[in-house]
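Please look over the sequence and structure first, then read the points below.

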Amino acid sequence: MIFYASVIFLLIILVEIVPFFKEKNKKDGIKASIVLLFAMIPAYLFFSNIKVYSPMYLMYELFMWLGWHYPALG
Amino acid sequence: MLKQSRTISKMQMLFSIACFIQASMLLTSFFTPVGGSSSWLAVISSYLVFAVFTIPLIMLIKNFPDKNLFQINAIVFGKVGGKIVSAIYLIFFWTLSSLNTKDIGVFLQQTVMTKTPTYVTIFFLMFLCAWATRKGLSVVTRYASFFFGVSMIIMIFSFIFSYNLMDFSYFLPILDIEPIRFIQTTNVSLNIPLGEIIFFLMIHPEVRDINKNSGKVVYIGSFMGMLNILLVVIHDTAILGEAGKLFTIPTFETLRMISIGDVLSRVEILFAIMLMLLLFFKISFMVYVTTISIAEILEIKDYRRIAFITAALVYISSYIQFNDSYIHAEFGITVAPLIWTFIEFFLPFLTLMIFIVKQKYKKGSEQTA
Amino acid sequence: MKIFRVILIFTMALFLAGCWDSKEVGDLAIVTGMGIDAGAEKDEIKLVLQVGDMSKGQKDSQGETEPIILDSTGVNIQAAIESLKIQSTRSLYFSHNQVILIGEEQARRGIACFLDWFVRNENTRMEVPLIVAKQDAKAVLQTKTTQNNISAFAVKSMLDNDVAPSFYSKINLLSFLSTHINKTTCPIAPIVVSKIDSDKNTILEIEGTAIFKEGKMIGELGIHQTEGLMWILGQSPKRNIIVKNDDGNAALAIVSSQSSISSDYIDGEFINEVNIKATFRISELAGFKDKHSDNIIPFINDLLKDDMYTKIGSAIQSSKNYKSDIFGFGSALYKKSPEKFEQIVENFDEIYSKSPYRINLEVEVLDTGKINGILTDHQNKG
């Protein structure tokens, strides 16, 4: 899966990131790269079987710990 | 600042709202186990609450016909405050996009393509959504009226042909539910199908003449969508009764039982087709909104250049959001109603209030000057 | 760009047709009937599958497909299926299953835990009927009747046609599950038996109704009581009721039948009420020599009412003896008044078994058929 993910990310870089730098729009290119990193890092961690927690999952755990929630079923 | 040109009509927005809400048909399994036989009442009460809570959203559209939600935040909360509030919205849009993407993947795997890995099905879906995003809002919303028509026809058809399976005594006793559970069901029904129209605050500058009759567009579109959800809830409760809360996709089970003269059966595929159309529409719309949100917050001039990146982000996060489907379901009924209410209704209300106060203060200081 | 698009479209059409895991019909073992019998060990079951074989070599002399019976044991259904997979050369396909047969011994041991597989599996359908097999499920599945080689189809047809009680066609996996999870109502299922008739032909017959409680079969209603049950739960239109006494007998076709049940809890007493309104047409009259055209209909009415009271009363009393509310009296009270229901739900079985019942019948014979009165009347008049 890491191989396929790498291929996809490479294609995205070629199609979307590289044109920014070709047009000498470095600023937008860096911003787009940062967004892509937000996708790449969790992807590689996930496919390497390392647990990754999303912001909403962390919010869920926080709210459950604080007791700020509706009653669960059952 | 993103330049959004007026590319779609009010009718397209109306049908887009209807399709968007209808696509949450799959998510009735979140609140029907909580509400039980009173779920249909909770759906009606949630629409009544929505009618009131959505007034700030409509007023924001009327006061800022040329500005999207993030631009409104910048004007009202200032540059830094606006970015913080916009970041909250962005996380919300991204989360919802990925959760809905996960839902369609799970649905396809459970019902239609049981052996195909979700990695493959979601990949192609995301590719299509990104492609549609690059082409613009008019392409994303082009077939909204067609999808709405098809889904209404299929829903009415299934209602008529499963009438012999219905037992309306399953709705009795009425409101035999603890008040907190009814409030919970109403809250979930308010947030999950209805409150998500906050997404449309990012695209209203692209709607022609939106400052006129924006309220009508929102109310009629949401009513049409909600009607379908109500039909689904009534249909499922009348056929499955108490057993309904056991199933992950109750509507699919009820449609499996339809048999028209022993000749026409296995009509659940129609529901699968309808849901795929609607969810594809919803997800591509959400990916579009997430893309322009990222472009707006990061001040990227051309949002089309980050369409595939956003799609990749949504794709990966659909696997990461909640690993356990049980936790996802529990989140949906316990914590999500509170967080979503804050984002979908309280924040826009706060934005409007601050804007009104600022306007009054500005007028007052102009008068004294 | 155009060429790229064309290539893309062709590639997608070639590779995305979804046939990578396709199976030809000949590679499938299409399961037409599933049976669960008691295994040798107490915690084991014997799974019996009736499979319609699609290969040509299995046709009998009349050119019909011969079904194959496969069986294996396991601690649960999936375990039994796994061992069958090793034996079978084809993939088992459950989507066309017509019936679920439970052997009587296994039904008495308990079936609730096995319902999970049927409800959870993506290929099983909730409208499949659930039936108790009198001897064992394998015997019923192996039966080849003169009208139908595949017994699963034969049993399904019996339940769906006009002769069997119409409510039997509604007793499927979903209704069984709904009543099983209900607090007070007990599930029922038809009992089917394989018999040899006087002409030495094998026939399948519905012999009565099984009563379940907490997932186990605890008793049964005979044919007489099942007829009473029919009146309460749903009578089949066009069915004929036979009434007789020492003077003669009559067959009455049901024109229409409406039944309803109601319950109330007043002054510490749980009262059950059955209301039935039915209209009939005389299909056949024989005997009744001392009766004439002007008094035959009221007489038949009374005979009919007596017959119905006896059968309905017998069915209700049987269910009370078993302490099992198979009619839904408890649910009827819950739907009417949840507060009253809460007062009796703790000791419902005991209260139900001792509660009185009322049967209100409105019976009318509307039509005498092609002839007026009785034939003997016309013979006497010459």
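## Salt bridges and a buried loop residue

A salt bridge joins the side chains of C:D307 and C:K311, with 3.1 Å from N to O. The model is a predicted one. Across all chains, a search of the whole structure finds 28 salt bridges. The points below take up some of these pairs, then turn to C:N172, a residue in a loop of chain C.

**Pairs around C:K311**

- C:D307 and C:K311 both belong to helix α9 of chain C, and because they are 4 residues apart there, about one helical turn separates them.
- C:D307 is buried, and C:K311 is buried as well.
- C:K311 also forms a salt bridge with C:E227, where the closest N and O atoms are 2.8 Å apart.
- This second pair links distant parts of the chain, since C:E227 sits in helix α8 (residues 223–233) of chain C and C:K311 in helix α9 (residues 293–321), 84 residues apart.
- Like C:K311, C:E227 is buried.

- B:R305 and A:E23 form a salt bridge, and their closest N and O atoms are 2.3 Å apart.
- B:R305 lies in the loop between α12 (268–297) and α13 (307–320) of chain B, while A:E23 lies in the loop between α1 (2–22) and α2 (26–47) of chain A, so the pair joins two chains.
- B:R305 counts as buried because its relative accessibility is 16%, which is under the 20% cut-off.
- A:E23, at 47% relative accessibility, counts as partly exposed, because this value falls between the 20% and 50% limits.

**The loop residue C:N172**

- C:N172 is placed in the loop between α6 (151–160) and α7 (173–181) of chain C.
- Is C:N172 buried or exposed? C:N172 is buried, because its relative accessible area is 9%, under the 20% limit.
- A polar atom of the C:N172 side chain lies 3.2 Å from the backbone nitrogen of C:L174.
- Which residues does C:N172 contact, leaving aside its neighbours within four places in sequence? In chain C, they are C:M126, C:E127, C:V128, C:P129 and C:L130.
- C:N172 is also in contact with B:M257, a residue of chain B.

Note on methods:
Residues numbered from 1 in each chain as written. Chains lettered and ligands numbered in written order. Predicted model: local features only at pLDDT ≥ 70, side-chain atom pairs only at ≥ 80, totals over all residues. Heavy atoms only, no water. Buried < 20%, exposed > 50% of the residue type's maximum accessible area, 1.4 Å probe, protein only. Polar contact = N/O pair within 3.5 Å; in protein donor to acceptor, adjacent residues only side chain to side chain. Contact = heavy atoms within 4.5 Å. Salt bridge = Lys/Arg side-chain N within 4 Å of Asp/Glu carboxyl O.
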